[in-house]
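Let's take a friendly walk through this model, one local feature at a time. Keep the viewer open as you read.

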Amino acid sequence: MKACVLEAINKLEYKEVPTPSPAAGEVLIRIKASGICSSDFSRVFKTGTYHFPTIPGHEFAGEIVQVGEGVDAALTGRRAVVFPLLPCNECEQCKLGNYALCSNYNYFGSRCDGGFAEYLAAPLWNIRLFDDAIPYEVAALTEPAAVAWHAVAKAGIQPGESVYISGSGTIGILCGIWARKLGANVSFMVRNEQKAQLLQQTWGFDAIRTDADAKAPASRPDLILECVGTPQSVQAAIDSVKTAGRIVLVGNPSGDIDLPKALYWKILRSELSIQGIWNSVYPTEWEEVLEQILQLKDELKPLVTHQFPLSAGQSAFEELRDSKGLILKAIYTNE
Ligand SMILES: [Zn+2]
Ligand SMILES: [Zn+2]
């Protein structure tokens, strides 16, 4: 099969590699769409993966084309997404079913070969089937959509609450879509007019400008979902939320996150609740989010702004890196 193999930092090569075959208890998936995550940019251009060579890609959807021993052959031909985490099943958190908090996991696309390939063999446990009505490129959003679903679930959103989202990348917008579905009044905190217009025109979201000349927002939200991970954004979230409000930290940190004393005081004196989230709860939240995706697939589709054939290899990453235009989710596709 063909795959994009990360041979070294800055060397993602489209090449021939052995096609995996499904072991007992596994299925072989023909990957149809594989999302490029911002974490994959770090892997390709900065940090690499855990070892070389590795096939990156942890957000993918495809068709089951073969089953291993002991797996129902009727699954052949079904559409499936893959939970990319392979838990140890032995640690304390695994025994509690908190697989995302496993202390000794494997992971498709970073610790072992992932979805920038024509095929991948995965344990049946990691597979969730989805309805044929969901296009593959939308199904490839399931992993980030589950992370966003987990964030709004942890936030405990009540209908009618006011929720601000800081950050208007894929995860931020997904958080907004799910929070609105749960009945919240959602606004985005954004720095530029182009993003504000996109959020308004494509999804009907209000945007609150937070650039230097913007006026302070008139009201304070009950909850802020912080999806950026910079000191400025975390500080703005603490500054903006209402007394006894909640903040959910979703964005991966860009570096050290420092905190001025006045904002630390606000956490104490306003009794703010600050919750971190990591990954998603499998399989429950994946099943919930696939139902939501089926209902809102047309609303999710505009998140996929770029598609590349797998053969584009590293040039896809370079084009995205050098682009001045708006990028939400880019995916590799396999015909
Ligand atoms: Zn990701
Ligand atoms: Zn574990």
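The sections below cover metal sites, cysteines, a helix pair and some backbone details.

## Ground rules

This is a predicted model, in which local features need pLDDT of at least 70 and side-chain atom pairs count only at pLDDT 80 or more, while totals for chains, interfaces and linings use all residues. Residues are numbered from 1 along each chain as its sequence is written, chains are lettered from A and ligands numbered from 1 in the order in which they are written, and side-chain values use heavy atoms, with hydrogens and water left out.

## The four-cysteine zinc site

Start with the zinc ion (ligand 2). Its protein donors are the SG atoms of Cys-88, Cys-91, Cys-94 and Cys-102, at 2.3 to 2.4 Å. Donors here are N, O and S atoms within 2.8 Å of the metal (3.2 Å for Na, K and Ca); water is not among the atoms, so sites may look incomplete. Along the chain, the donors of this ion follow the spacing C-x2-C-x2-C-x7-C.

The angles subtended by the four donor atoms run from 101 to 119°, which makes the arrangement tetrahedral (for four donors, all angles between 85 and 135 degrees). For comparison, ideal angles for four tetrahedral donors are 109.5 degrees. Cys-91 counts as buried at 12% relative accessibility, and Cys-94 is buried at 4%. Buried means under 20% relative accessible area, exposed over 50% and partly exposed in between, with a 1.4 Å probe and protein chains only.

The zinc ion (ligand 1) is coordinated by Cys-37 (SG), His-58 (NE2) and Glu-59 (OE), at 2.1 to 2.8 Å. The spacing of these donor residues in sequence is C-x20-H-E. Cys-37 sits in the loop between strand 3 (26-36) and helix 1 (38-47), and His-58 in the loop between helix 1 and strand 4 (59-67), so the pair ties together parts that are 21 residues apart in sequence. Helices (H or I, at least four residues) and strands (E, at least two) are DSSP runs, numbered from the N terminus. Both Cys-37 and His-58 are buried.

How many disulfides does the structure hold? The count is zero, taking a disulfide as a pair of cysteine sulfur atoms within 2.5 Å. For Cys-112, the nearest cysteine sulfur is that of Cys-102, 13 Å away. For Cys-227, the nearest is that of Cys-175, at 4.1 Å. Cys-112 is buried at 17% relative accessibility, and Cys-227 is buried with a relative accessible area of 17%.

## A helix pair

The axes of helix 7 (residues 231-240) and helix 8 (residues 261-269) come within 9 Å and cross at roughly 45°. Axes are lines fitted to C-alpha atoms, for helices over the stretch in contact, with angles from 0 to 180 degrees between N-to-C directions. The two helices are therefore oblique to each other (under 35 degrees is roughly parallel, over 145 roughly antiparallel, 65 to 115 roughly perpendicular and the rest oblique).

## Backbone details

Most residues other than glycine have a negative phi, and most peptide bonds are trans. The bond from Phe-52 to Pro-53 is cis, with omega near -10°, and Pro-53 lies in the loop between helix 1 and strand 4. The bond from Tyr-282 to Pro-283 is also cis, with omega near 5°.

Glu-271, not a glycine, has a positive phi of about 45° and is exposed at 62% relative accessible area. Asn-279 has a positive phi of about 60° but is buried at 9%.

How values were computed
Tetrahedral: all angles 85-135°; square planar, octahedral: opposite > 155°, others 65-115°.
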